[in-house]
Amino acid sequence: MSKRKLSRQQRWRVEKIQAERAERAERRARRDDTSLDAGDYGPERLGRVTAHFGRTLEVEAEDEHGDLQRHRCHLRANLEGLVTGDHVVWRVAADGSGVVVARQPRQSVLERPDARGQLKPVAANIAQILIVFAVEPAPHPNLIDRYLVAAEATGITPVLVLNKTDLLPETGSDLRTLLARYRAIGYRVVAASTQQEGGLDALHACLTERTSVFVGQSGVGKSSLIDRLLPDMQLRVGALSADSRKGTHTTTTATLYHLPAGGELIDSPGIREFGLGHLEEHQVAQGFIEFQPYLGHCRFRDCRHRQEPGCALRDAVERGDILASRFDSYRHIVDGLTTR
Ligand SMILES: Nc1nc2c(ncn2[C@@H]2O[C@H](COP(=O)(O)OP(=O)(O)OP(=O)(O)O)[C@@H](O)[C@H]2O)c(=O)[nH]1
Ligand SMILES: [Zn+2]
């Protein structure tokens, strides 16, 4: 809202609307409690949110045969902020729909700024962020580092995926050198091609038994990779039961897919753009993982690793313990923050 002052009458109206809203939420909560207590719903079961449509969710759970079934669920009124990937406790109604009554603790959460710049969760319980880049368009090392910093800030493991290796020359590629550097720092690097026989083998191996998301700049082949990984169109639209006309929402909400070879993928346009938002300066130094042993060892506690004497980071660069290219990239990203 703008900074202009509200008149007394406007303020009164805003307060009245808020009070009405609170009262409605309260009534909904009481109604939920009554019907839950009345035994209209079955016992508590565990499930996972596979898609989100405003006030309703899709929750997946095993049936009595161990097969996964998806249920349209509404939220208990006092339960807000659930996202795709959340593990939840829910109860089924006679018609197969359900109500989510609790959220399990999250192992990780991916957040993005909303229209007002406030961080909002978009997906939860992700084990790895696959940062896709390609032979063409060639990546700027800064951009890879930016994605890595953003991933490190979430605590979720990043994996570098080099796509379009069919376009890679046999020898003398700068990209191979670049990749070797990231491997030496400790990152997992996976080569892929959607255009070659067996081009996704390494990727398949990396995706099983965990939940992943794909991020990366436009044109690197994220859609092509996901199309190949989820060859059955039904898998992609499977998130929606046929009775729903709200299907168009799937394009904006994060959706969880099962990969045929095992493992899950959570995807949405918002998630794909992850990493391009704002970073905080302290996150940047922490996000260069090979800097960590030196952070806090500079002569000045508030060292910004520029001209200061006794800078542990710059000393490490001079000794060759930190790559000059990574340190330059760090400086470039930090300088970009201050000129905003
Ligand atoms: N040679 C080659 N081309 C590929 C490969 N994977 C994808 N492409 C091509 O790269 C182009 C971009 O692929 P997309 O899948 O649309 O890329 P994207 O990352 O989803 O792009 P956005 O939707 O803009 O974010 C398309 O013309 C693809 O056909 C590959 O492994 N090798
Ligand atoms: Zn320093």
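Reply: Let's start with helix α5, whose buried residues are Lys-222, Leu-225 and Leu-229. They span an arc of only 65 degrees around the axis, so they sit on the same side of α5. That arc is taken from the directions that run from the helix axis to the C-beta atoms. "Buried" means that 20 or more other C-beta atoms lie within 10 Å of a residue's own; with 12 or fewer it is exposed, and in between it is partly exposed, with C-beta atoms placed from the backbone. Helices (H or I, at least four residues) and strands (E, at least two) are DSSP runs, numbered from the N terminus.

A bit of housekeeping: this is a predicted model, where local features need pLDDT of at least 70 and side-chain atom pairs count only at pLDDT 80 or more, while totals for chains, interfaces and linings use all residues. Residues are numbered from 1 along each chain as its sequence is written, and chains are lettered from A and ligands numbered from 1 in the order in which they are written.

So what do those buried residues of α5 touch? They pack against β8 (128-134), β9 (157-163), β11 (211-215), β13 (264-267) and α7 (269-272). Two residues are in contact here if their C-beta atoms, placed from the backbone, lie within 7 Å.

Helix α5 (residues 222-229) also has a hand in holding a ligand: with three residues, it gives the most to the shell around ligand 1. That shell has 16 residues, and the closest are Ser-218, Gly-221, Lys-222, Ser-223 and Ser-224. To be counted as near, a residue needs its C-beta atom, placed from the backbone, within 6 Å of the molecule or strand. Sorted by class, the shell has ten polar, four charged and two nonpolar residues. Nonpolar means Ala, Val, Leu, Ile, Met, Phe, Trp, Tyr, Cys or Pro, charged means Asp, Glu, Lys or Arg, and the others, Gly among them, are polar.

Strands count as paired if DSSP finds at least two bridges between them. At one end of the sheet, β12 and β13 are antiparallel and share four bridges; Thr-255 has Asp-267 in β13 as its bridge partner.

Most residues other than glycine have a negative phi, and most peptide bonds are trans. Between β8 and α2 (141-154) there is a loop that holds Pro-137, and the peptide bond from Glu-136 to Pro-137 is cis, with omega near -5 degrees. Lys-164 is in the loop between β9 and α3 (174-185) and has a positive phi, near 65 degrees. It is also buried, because 23 other C-beta atoms lie within 10 Å. Glu-209 has a phi near 65 degrees as well, again positive, and belongs to the loop between α4 (201-207) and β11. Here there are 9 other C-beta atoms within 10 Å, so Glu-209 is exposed.

Elsewhere, five strands close into a barrel in the order β1-β2-β3-β5-β4, with mixed pairing. Strand β1 (residues 41-53) runs antiparallel to β2 and is joined to it by five bridges; Val-49 is partnered with Val-59 in β2. The hairpin of β1 and β2 has two residues between the strands, and Gly-54 there takes a positive phi near 65 degrees. Seven bridges link β2 (residues 56-62) and β3 (residues 68-75), again antiparallel.

Stepping back, the chain comes to ten helices and 13 strands, and 29% of its 340 residues are buried. Its C-alpha atoms fill a box of roughly 70 × 60 × 30 Å along the principal axes.
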